[in-house]
Amino acid sequence: MISPLESAVENGIIFSVEGNTNFNRPVELPRQKIRFSSEPVSFERYAAGFALVQQELQKGNSYLLNLTYPSKINTNYNLAQIFQATKAPYKLLLQDQFVCFSPESFIRIRQNQIFTYPMKGTIDAALPQAEQQLMQSEKERREHYTIVDLMRNDLAMVAENIRVRRFRYIDKISTNRGEILQTSSEITGNLTADWQSRIGSILAALLPAGSISGAPKEKTVSIIRQAEGGKRGYYSGIFGIFNGEELNSAVAIRYIERKDGQLYFRSGGGITSQSRLQEEYEEYCQKVYLPIHCVE
């Protein structure tokens, strides 16, 4: 969907992109605290998808694959109220369809430079020596190396002088279940001065986002379709603002959609040959959260 910023509200699009927002009509929140519970897919269903992915990894058809599934959720808040109550640098509400509160940037373009910030590697901040565990995990390290290499190659299709400015720095994210730690990197490159005339081609070349697909992309996306058994829709796509001079965009993760009157939260994580089934299932469940403190 493409919409002029001044027409976004009329088109049912409410956004907040790092403080740039068209959300000017607050909705009334329930007086009681937000209630939130989830029903993830069964361990058996997840295990079947995981096994298929591992077979393809062993064959060398993929090196990193982002496996996701929906979880049923129950809450006393509607999508608009969730949009208003959650805290995230990137938020999007498509009326009566979905709400997204994403912590992950896709690409930014300013002053003829392009930036991307792939996010891979998650741990519960409450675990003993959580930061040390995350940084020293061989599985998480390899996963992050793979995604950084993928995004460097992606940027090289549209830009020059690609370089990694920051590698595996840690972000802390507050959720209704406590805090989690995630690792990101900053990669940048130089664009030609006429990049604005090629904005559509630039985005098309970089999609889908590497952090929510995997490597190599084309074959990995085919495996994802088999393992997940359904279409993702808008989930794991991108959204953002282009004002003619700069672009700021995000990956559509931390995503709740409405289907047939039921709300579903989509979540998942990167799978490599070193991944362990129980740990990956727990990460899939752990990522079903709301970045709100007052939750029952």
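I began with the second largest cavity, which holds about 40 Å³ of space. The model is predicted, and I read every entry below as computed from it. I listed the residues that line this cavity: Glu104, Ser105, Phe106, Thr116, Tyr117, Pro118, Met151, Ala209, Gly210, Ser211 and Val251. By class I noted six nonpolar, four polar and one charged in the lining of the second largest cavity.

I then checked how many cavities of 30 Å³ or more there are. The count came to two.

Next I looked up the largest cavity, with a volume of about 190 Å³. I found 24 residues lining the largest cavity, and those nearest its centre are Asn66, Lys120, Arg254, Gly268 and Lys287. Strand E4 (64-75), E9, H4 and strand E16 (262-271) each give two or more residues to this lining. E16 has the largest share of it, six residues. I recorded the classes for the largest cavity as five nonpolar, 10 polar and nine charged.

I turned to the open sites and took the second largest pocket, where about 460 Å³ of space lies. Its lining has 18 residues, and I noted Thr122, Ile123, Glu140, Glu279 and Glu283 as the closest to the centre. At least two lining residues come from each of strand E9 (119-124), helix H3 (130-136), helix H4 (138-156) and helix H7 (277-286). Which element gives the most to the lining of this second largest pocket? I found that H7 does, with five residues. By class I wrote down three nonpolar, six polar and nine charged residues for the second largest pocket.

I also noted that E9 and H4 turn up in two of these entries: both supply lining residues to the second largest pocket, and both supply lining residues to the largest cavity.

My last entry is the largest pocket, at about 880 Å³. Of its 29 lining residues, I noted Met1, Ile2, Ile238, Phe239 and Gly240 as the closest to the centre. Two or more residues of the lining come from each of strand E1 (13-17), strand E5 (90-94), helix H5 (199-206), strand E13 (238-242) and strand E14 (247-251). E13 gives the most, with five residues. How many residues in the lining of the largest pocket are charged? I found no charged residues there, with 22 nonpolar and seven polar making up the lining. I set this beside the second largest pocket, where nine of the lining residues are charged.

Definitions and conventions
Residues numbered from 1 in each chain as written. Predicted model: local features only at pLDDT ≥ 70, side-chain atom pairs only at ≥ 80, totals over all residues. Heavy atoms only, no water. 1 Å grid on protein atoms, 1.4 Å probe; cavity = no way out; pocket = protein on both sides within 12 Å on 5 of 7 lines; lining within 4 Å. Points joined across faces, edges and corners; volume = space filled by probe spheres on them. Helix = DSSP H or I, 4+ residues; strand = E, 2+ residues; numbered from the N terminus. Nonpolar A, V, L, I, M, F, W, Y, C, P; charged D, E, K, R; others polar.
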